[in-house]
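Q: Hi! Could you walk me through this one while we both have it open?

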Amino acid sequence: MREKVSFESFHHVYNFIRRFIERSGKDIQTILFTVTEPDGEEIEVSEMENILELLERAIYVSLRRSDVSTRYSGKQMIVLLMDANRKDGEAVAARILECFHKLYTGKVEIDFGIAKMEGLNVVH
């Protein structure tokens, strides 16, 4: 799939995958990337948009065809890594950030967190 989808579509895909996990027992990792202002300086809206577009591009070229991503907020991107463990997630996140920093040479920090997606308690 390796697609950037709308948040609404992502929500449906997310719930589908959670049900899949319940049946298959496969590991799915979720990575949340957050753009933070360096040294407390506020990033202008147009520059934040540019940063997110470049992060989206870095994510797209770094993912496998089975992975999915979308914008999560005005400063965040979320990625689902299918059939991946935490170590895989860390490697993918590092690859994405390396690609991003080749595309964007300005001063910005991008933090990320990785969590294993659980199959119980499907979000409605």
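A: Happy to. Helices (H or I, at least four residues) and strands (E, at least two) are DSSP runs, numbered from the N terminus. This is a predicted model, where local features need pLDDT of at least 70, side-chain atom pairs count only at pLDDT 80 or more, and totals for chains, interfaces and linings use all residues. Residues are numbered from 1 along each chain as its sequence is written, and side-chain values use heavy atoms, with hydrogens and water left out.

Q: Great. In what order do the elements of the protein chain run from the N terminus on?
A: The order is β-α-β-α-β-β-α-β, which gives three helices and five strands. The radius of gyration of the protein chain is 15 Å, close to the 14 Å from the globule rule for 124 residues, so the chain is as compact as a globular protein of that length. That radius is taken over C-alpha atoms, and the rule is 2.2 Å times the number of residues to the power 0.38.

Q: And what does the C-alpha trace span along its principal axes?
A: About 45 × 30 × 25 Å.

Q: How much of the protein chain is buried?
A: Buried residues make up 41% of the 124 residues. Buried means under 20% relative accessible area, exposed over 50%, and partly exposed in between (1.4 Å probe, protein chains only).

Q: What about contacts in the protein chain with a separation of 6 or more?
A: Residues 24 or more positions apart account for 75% of those contacts, where contact means heavy atoms within 4.5 Å.

Q: Switching to helix 2, how far does it reach from its first C-alpha to its last?
A: Helix 2 covers residues 45-62, 18 residues in total, and reaches 26 Å, close to the 26 Å expected at 1.5 Å a residue. The expected span is 1.5 Å times one less than the number of residues. Buried positions in helix 2 include Met48, Ile51, Leu52 and Leu55, with Glu56 and Ser62 also among them.

Q: Now strand 2. Is threonine 30 buried or exposed?
A: Threonine 30 sits in strand 2 and counts as buried because its relative accessibility is 12%. Leaving aside neighbours within four places in sequence, its contacts include Ile78, Val79, Leu80, Gly113 and Met117.

Q: And threonine 36, what does that one touch?
A: Threonine 36 touches Ile43, Val108, Glu109 and Asp111, not counting residues up to four places away in sequence. Threonine 36 is also in strand 2 (residues 29-36), and at 19% relative accessibility it counts as buried.

Q: Which residues does tyrosine 14 touch?
A: Tyrosine 14, in helix 1 (residues 7-24), touches Leu80 and Met117, again not counting residues up to four places away in sequence.

Q: I'm curious about the loop between strand 4 and helix 3. Where is methionine 82?
A: Methionine 82 is in that very loop, and it is buried, with a relative accessible area of 16%. Apart from neighbours within four places in sequence, methionine 82 is in contact with Ile17, Asp27, Ile28, Arg64, Ser66 and Asp67.

Q: What is the phi of aspartate 83?
A: Aspartate 83 has a positive phi of about 50° although it is not a glycine. Most residues other than glycine have a negative phi. Aspartate 83 lies in the loop between strand 4 (76-81) and helix 3 (86-103), and it counts as partly exposed because its relative accessibility is 48%.
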